[in-house]
Amino acid sequence: MATPAKRKSKGAEAGESSGSRRRGQRSVEVAEPEAGTQREGASRFVEGAILRISMENFLTYDNCVVYPGPHLNMIVGANGTGKSSIVCAICLGLAGKPSFIGRADKVGHFVKRGCNKGIIEITLSKSPKNLTITREISVTNNQSTWFINEKPSTLKAVEDHISALNIQVGNLCQFLPQDRVGEFAKLSKIDLLEATEKSVGPPEMYKFHCDLKRFKNRDRELDNAIKEKTHNLEKMKQKNARYEQDVERYYTHQRHQDKIAILEKKRHWAVYECVRKQYEEVKISRDHQKAELKGLKEKLSPMKCQIEQAEKQCRMLDNQISEKTAAIRAASEKCKQQQDALERKDRQIEEVKRAFRNKREAEMDRQKRMENTRKMIEDWQNELKNTDNAENIQPQLDHVNSTIKNLQEERANVEGSHQELHRQKENLLQEKIGVTGRIEQFENSMNMKEENLRRRFRDTHNALLWLRQNKDRFKRPFSEPIMLAINMKDQKYAKYVENHISSNDMRAFVFEIQGDMETFLREVRDNQKLKVNAVYLATESCAESKPSKPIEELYRYGFFSYMRELFDAPTLVMRYLCFQYRVHEVPVGTEKTRNMIERIIKETKLRQIYTAEERYSIKISAYTNETVSSNTPLRPAQFLTVTVDADERKQLENQKSEIDRHLQSLDSRLAELSEKQKRLEHRDNELRQQKKELLERKNKRKQLESKISVKYDSLRQMEQDAINLEEEDEQENKKIKQINTEKVQLVKEITQLIKNCITLNQQKTALVLQKTTAAFHKSNSESESKAAIVEIQTVERQVMRLEKEKHTLLEKCKELLRKAEQACGVRAGEKVPALLSEALKHSPNSVEELDALLSEERSRASCFAGLSASVVEEYKKRTDEIEQMTLELEKDQKELENYRKNISQVKERWLNPLKQLVDQINERFSSFFSSMQCVGEVDLHTENEEEYDKYGIRIRVKFRSSTQLHELTQHHQSGGEKSVSTVLYLMALQELNQCPFRVVDEINQGMDPVNERRVFDVVVKTACKESTSQYFFITPKLLQNLTYDQKMTVLVVNNGPSMLESRKWNLEAFLRRRRRIQP
């Protein structure tokens, strides 16, 4: 929260249960009515209003009775007098939990210290008889005992009575204790709507809202269930559709199996009939074959003589063919030799031509080389004329050598200086690496602190990154979050600083001027929606202020330092902490300090004291001038556990800067030496090049003379190697002509040999034809003879086979007849049953047709193989499931339609009254803000009308004309602005009067006087109307000249060691005494 450093700290009431408090008895009482009778004017109390509150041994009270009025009850008293104890009694006495109050976590902690039992008794207005609820709290077992109208009861029964009267002590719109005032602004829009419905809405409104959320959830569940069931049903139907084919295939397979069984039975009879016919046919064939065998044996004798004559003629013709074949082979071999000789002559001609071409090319190449050699000799002779003599070049060469020697000495000196400077630079770099490493260790420590900030407060870390990137947008210096800026001198003292500085300020940015802070908050809060804190400094600075007492004077109490001396921080942060938290005046002590604490409080008049493990706060009552102290244990440090030695880090940074300066100087000198080295090296290269050129010029004349001499020798040799191409051409033609003459003779010889081969082949062909004819006749005779023998043998074998087959078929017929009768289930000699016989008649009679049908049926049956009866069972079972799921789906759809009708009806009954209620609240809320020259609005907010669990009440306020309406949140508005908004919203609810009473505890603490007076006027005016419910307003202070009303009840809470006991309090006696003193 952004607040200026000029702000004053709130006077928060110290916890009444602290062991360091010592108080007298407390008493708040109005004249108690007689037992069994109602208070005067009780009829003005609304149903459920509080008529009486009694406390015994509760917190700071020994015994106290409070009688509130029916309208506005103003409970006033100094801090620590016990005002909030009354609020605690109301909450716990009406079945509230300790967490509703926000003080202690166990109900036993609310019993006065030193007592074993505490009692709360509350009387509520109710027709026809008032309701008295009593709660006895036991410290021993932290348990409670309940009574209703002095009769033992249970917590559940008490809660039922409380709920029937619409009392909701856990609802911040009805019951807002001191320690939970800040939680109202933290309520989300959804929580605020529910709290408002419970507080001022009709009894059925919140129920309708819950019904709508429940109906909507059920609607979603049904819709998802219907989608899922529809999907599953479709999948099951698709699966069954696939299974329908399998089921049909199963039944088809069964039909094929039945048909196969009939065909197999018929096949037995068909096979038997077929074998019987074969037996008759075999018997006839055997007789026929015996007659045929006799005729074949008579035709075989003449064929043997013809075969012998044909064999003699074939042997004579074979001898003649062999002679002709040998003659043909000899002539062919000689012809091939002549052809090879002819090919060799062709190759000789080609070699002669190739040799002449090579000589012609060699001559042309020789002439070209001679021309090139003459040209080179001429060029070198011209160059030789222009070349200097060696005597003219030597003096120049000596001068260049001397200059190179001097230059090398100078380069050696420069290189030595360069190496020395480079060594110095390496030493400095090593030293810089060591210093940089130690600085990085400090930076890592800072990074650890920044990582801790990022993990715990991500929004603050994001704002820090933005701030670092936009430093130029700010006019004056600023500081990063205080937890990063503070550096503990010793880690063990971090807990004192963290317990002294609030968590909000630990992560706050510090600005020097308000304008920079507003610029920062406008960007990160309004634009980026980040939850960050920021503060700005006042003109006053306490950073250099000295403490009121020197620390030396406090050594005797165990103090060793003021808090400011325990840490380092930028001047901007230190100024803020000294002004806001007075760290320069807060001493830190040891265990010795704790042992002397009472003496220290009495003698030093210090306001904040830290011992080894505790923090002590000392205040002086404005009413009794009594010193009141409270102590709290110190929390362990969380943010400042990482320490950095600032002096050592500064020394290292200075050392690094000095090293950088020396390195810069060395780099400059090294650059000068490098430049000089380059110049010397460039001059050395020039001189060496000049020396090289002089040496080349000196040796060039000798080289040219030698080259010219060599080339002249080469030219004379090439002239001697000349070739006469005309003679070579004439010799080539002679050689080719001689070879062609030899080729003609070879061609004539080859032609004669070919003619001889043709004549011999013709003679051989004639002999082959004669032999073929003789062999053909022989082959025919042999074939006929063999055929006759084979035929005789075949017939003999057939006769034997048929005889054997006849016997086999006879036995087979007997066996097949037995199997056929057995397959049909009949005995030997019996007839086949009529039904089976009829089925067999409709089947084919031939085995082939039966086998074909069987093969076909088996093939068809095999197509449906792999299916079992379980497929059919599963299909039937899934069909039943589909029918069942279809019924369930129809039922869910009907239920969904009913729920949507119910949603529509309940929405109309809930939303319209809710809008009217919000409009009424907005009208009153806006009116209250207008009366304070501010702007406020309340509206019903939702992103989707069908998302009933996302509905919420949005409060938007504007306290300055220069700003826009902003939603009320725990971060955007200041503490006073949140308090004003909270109380005015509660007052807007007050007139709607649905709850019997409201409690608001010290909500005016953060308000400025102007807003406090305006809010007080609104509270009095609103809460004192006849139509409103009971209202409890608890405050430690009141402004002067406020407006009061006759219907108000003011309850003043006093305390002190000389207070009267409640039973001795008599207001009438006090008034009579006053009248006697001052008539």
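Modeller: A patch here is made of residues with over 30% relative accessible area and no salt bridge, and nonpolar side chains are joined within 5 Å. The structure above is a predicted model.

Biologist: Which residues form a nonpolar patch on the surface?

Modeller: The patch consists of Leu-1060, Trp-1065, Leu-1067 and Leu-1071. Together they have about 320 Å² of accessible area.

Biologist: And where is the place of Trp-1065?

Modeller: Trp-1065 lies in the loop between β25 (1049-1053) and α25 (1067-1077).

Biologist: Let us turn to the aromatic residues. How many aromatic pairs does a search of the whole structure find?

Modeller: The search gives 13 aromatic pairs. One of them joins Trp-466 and Phe-520, with 6.3 Å centre to centre and 45 degrees between the planes, and this pair is tilted.

Biologist: Which helices hold Trp-466 and Phe-520?

Modeller: Trp-466 is in helix α9 (residues 458-469), whereas Phe-520 is in helix α13 (residues 514-527). The two residues are 54 residues apart, and their pair links distant parts of the chain.

Biologist: Are Trp-466 and Phe-520 buried or exposed?

Modeller: Trp-466 is buried, as is Phe-520. For Tyr-576 and Tyr-581, the ring centres are 6.5 Å apart and the planes stand at 75 degrees, so that pair is edge-to-face. Tyr-576 and Tyr-581 are both buried.

Biologist: Which residues do ring pairs link into a cluster?

Modeller: The cluster contains Trp-466, Phe-474, Phe-478, Phe-509, Phe-511 and Phe-520.

Biologist: A change of topic: what does helix α19 span between its end C-alpha atoms?

Modeller: Helix α19 (residues 725-823) spans only 115 Å, whereas a straight helix of 99 residues would span 147 Å at 1.5 Å a residue. Just after α19, Gly-825 takes a positive phi of about 75 degrees.

Biologist: Finally, what is the order of the open sheet of three strands?

Modeller: The order is β20-β21-β22, and the pairing is antiparallel. At the edges are β20 (935-941) and β22 (966-967), each of which pairs on one side only.

Biologist: How many bridges join strand β21 to β22?

Modeller: Two bridges join β21 (residues 952-958) to β22, and these strands run antiparallel. Opposite Glu-967 in β22 stands Arg-956.

Methods:
Residues numbered from 1 in each chain as written. Predicted model: local features only at pLDDT ≥ 70, side-chain atom pairs only at ≥ 80, totals over all residues. Heavy atoms only, no water. Patch = residues over 30% accessible without salt bridge, like charges linked within 9 Å, V, L, I, M, F, W, Y side chains within 5 Å. Areas by Shrake-Rupley, 256 points an atom, 1.4 Å probe, with all protein chains shown as cover. Salt bridge = Lys/Arg side-chain N within 4 Å of Asp/Glu carboxyl O. Helix = DSSP H or I, 4+ residues; strand = E, 2+ residues; numbered from the N terminus. Expected span 1.5 Å × (residues − 1). Phe/Tyr/Trp six-rings, centres within 6.5 Å; stacked < 30°, edge-to-face > 60°. Buried < 20%, exposed > 50% of the residue type's maximum accessible area, 1.4 Å probe, protein only. Pairing = 2+ DSSP bridges.
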